[in-house]
Amino acid sequence: MEKISIPHELIKMNSIFEEAGFEAYLVGGALRDTIMGKAAHDWDVATNATPEEVSRIFRRVIPTGIKHGTVTVLFMKKQIEVTTFRTESEYSDGRHPDKVEFAKNIEEDLSRRDFTMNAIAANLRDGRITDPFCGRADIAAKTIRTVGNPHERFMEDGLRPIRAIRFASQLEFSIEKHTFSDIFEEDTLKKIASISMERFRDELCKILLSRRPSLALNLLERTGILEIFIPELLEGRGCVQRDSRGFHEFDVLDHNFHACDGAPCDKLEVRLAALFHDIAKPRTKSVSQDCDEIHFYNHDCVGEKMTQAILRRLKFPGETVKKVSHLVREHMFFYESAWSDAAVRRFIRRVGAENIDDLFDLRLADIYGMSHHEGDENPSAENRTSNENKSLDELKGRIEKVLSQNSALSLKDLAIDGNDLIAIGMNPGKEIGIALKEILEVVTENPEMNTREKLLEEAKKILAR
């Protein structure tokens with residue numbers, strides 16, 4: 001029987017379990033990653049000890065999910081989720097079992113799990129593998145397959161089909177044909193539609209942080225899941241962008257998917273912005289009279305509002321909604337070397353210095369999504385990317401120079417404030433704000449004006465008007 005090497009922390013933990021008369025196994029994603037030769041994190045342990053018994057034998061235990069048999073043990077500077085062997089009955093809410101009963105052994109516990117690759121256990125004492133559903137063979141074949149009947153597994157929890165698609169993206173596995181075909185079933189889609197927006201959002205975030213999100217995004221479209229949660233994206237399917245200028249190879253939806261692939265995989269907000277940056281193009285499309293050129297006027301502004309609505313519906317945090325929609329709004333900026341230094345300062349003011357790097361990443365992702373895909377060698381696309389890189393590098397250099405000069409880029413950077421304006425006789429209220437914005441514009445044009453004396457003189461001129 002195959003064995004794996006058990007980390008020393010888990011060996012020590014197992015000695016405590018055994019001393020108290022219990023057995024324990026490594027299960028879940030950490031074991032799957034170990035079998036695949038990857039570094040494992042976030043260990044999950046299954047045991048025949050009840051949550052109350054686990055709480056007695058370990059000193060520091062958090063009751064994270066006691067009614068479902070789960071606690072978190074703080075042990076040797078690790079947080080280890082420990083769950084009692086269990087079986088489950090009906091899932092009337094599509095998420096939580098109506099009844100949890102503790103199982104007699106690890107085999108019975110594994111039988112309730114979602115996919116074969118997750119229904120494997122390794123004894124913490126000696127690393128011996130228990131694999132009743134041939135999960136290792138499916139891992140070797142890069143296949144995602146449900147434990148038992150796909151329809152039964154999916155009807156237990158509507159999140160499982162989305163998890164299958166997410167794993168397909170994260171691991172770059174294929175979904176076994178019977179497992180995949182059941183996702184299209186009417187009952188399954190209804191069950192999927194019953195899950196909360198928060199649960200879908202969490203899976204979407206994991207998809208977007210995978211190496212190639214387009215793998216899962218295409219599957220979400222094909223199965224009808226995308227239509228359930230983000231139907232606005234589907235408006236881009238078949239929305240042609242290519243015209244005589246030859247900028248775009250793909251329709252709007254594929255372009256958005258490919259742009260996701262081109263964004264940094266460790267920047268969720270940029271990947272979200274890449275997914276939604278052109279979402280308003282179908283609603284703003286126009287074609288010239290000679291049918292030679294296609295335009296999408298104001299799609300950045302309309303897209304900002306659409307992105308806000310979608311992210312709020314998916315229950316994203318307010319700061320994420322604000323940041324991503326702002327990136328969508330600003331993604332169409334156009335720079336040329338003729339910009340004055342004042343124009344560069346205005347650009348920084350509008351975009352926000354803290355958003356510059358992310359906006360540039362989004363621009364490069366947008367370019368990638370125009371014609372690039374895995375293995376593509378399109379010379380014209382490479383040319384455009386090269387030229388755009390040079391332009392962005394030039395702008396970035398000018399921005400860095402402005403920032404190093406400590407230029408006044410916001411009202412708080414001015415050498416005077418509202419109290420100074422009141423002191424020279426200006427009325428408190430809206431008049432102060434208008435005056436300060438006008439003074440900021442003066443300083444944007446001439447940074448050397450940002451001294452108390454010069455700005456008070458400017459303020460007196462405004463007051464006199």
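In this predicted model, the buried residues of helix 11, which spans residues 213-223, are Pro213, Ser214, Ala216, Leu217, Leu219, Leu220 and Thr223. Helix 11 is followed by Gly224, a residue with a positive phi near 90°.

Positive phi values also occur in residues other than glycine. Lys142, which is not a glycine, has a positive phi of about 55°. This lysine is found in the loop that runs between helix 5 (135-140) and strand 10 (143-144). With a relative accessibility of 48%, Lys142 counts as partly exposed. A second case is Lys315, a residue other than glycine whose phi is positive and near 65°. Lys315 lies in the loop between helix 17 (299-313) and helix 18.

The packing of helix 14 with helix 15 was examined next. The axes of helix 14 (residues 252-262) and helix 15 (residues 268-276) come within 7 Å of each other and cross at roughly 160°. Angles over 145 degrees count as roughly antiparallel, and helix 14 and helix 15 are therefore roughly antiparallel to each other. The crossing in which helix 14 passes helix 15 is right-handed. On the side of helix 14, the contact is made by Asn256, Phe257, Ala259, Cys260 and Asp261, and on the side of helix 15 by Arg271, Ala274 and Leu275. Of the residues in this contact of helix 14 with helix 15, five are nonpolar, one is polar and two are charged.

One is formed by Phe180 and Phe184, with a centre-to-centre distance of 5.2 Å and an angle of 85° between the planes, an edge-to-face arrangement. Within this pair, Phe180 is buried, with a relative accessible area of 12%, whereas Phe184 is partly exposed, with a relative accessible area of 38%. The rings of Phe333 and Phe360 also form a pair: their centres are 5.9 Å apart and their planes are at 25°, so the pair is stacked. Phe333 lies in the loop between helix 18 (318-330) and helix 19 (341-351), while Phe360 belongs to helix 20 (residues 356-371), so the pair ties together parts that are 27 residues apart in sequence. Phe333 is buried, at a relative accessible area of 6%, and Phe360 likewise counts as buried, at 2% relative accessibility. Phe333 and Phe360 belong to a cluster linked by ring pairs, together with Tyr335, Trp339 and Phe347.

A further loop position is that of Asn427, which is placed between helix 22 (418-423) and helix 23 (430-445). At a relative accessibility of 48%, Asn427 counts as partly exposed. Asn427 and Phe229 are 198 residues apart along the chain, and their C-alpha atoms are separated by 51 Å.

Terms used: Residues are numbered from 1 along each chain as its sequence is written. This is a predicted model: local features need pLDDT of at least 70, side-chain atom pairs count only at pLDDT 80 or more; totals for chains, interfaces and linings use all residues. Side-chain values use heavy atoms; hydrogens and water are left out. Axes are lines fitted to C-alpha atoms, for helices over the stretch in contact, and angles run from 0 to 180 degrees between N-to-C directions. Helices (H or I, at least four residues) and strands (E, at least two) are DSSP runs, numbered from the N terminus. Angles under 35 degrees count as roughly parallel, over 145 as roughly antiparallel, 65 to 115 as roughly perpendicular and the rest as oblique. A crossing is left-handed if the near helix is turned anticlockwise from the far one by less than a right angle, and right-handed if clockwise. Contact means heavy atoms within 4.5 Å. Ala, Val, Leu, Ile, Met, Phe, Trp, Tyr, Cys and Pro count as nonpolar, Asp, Glu, Lys and Arg as charged, and the others, Gly among them, as polar. Buried means under 20% relative accessible area, exposed over 50%, partly exposed in between (1.4 Å probe, protein chains only). Rings of Phe, Tyr and Trp (its six-membered ring) pair if their centres lie within 6.5 Å; planes under 30 degrees apart count as stacked, over 60 as edge-to-face and the rest as tilted.
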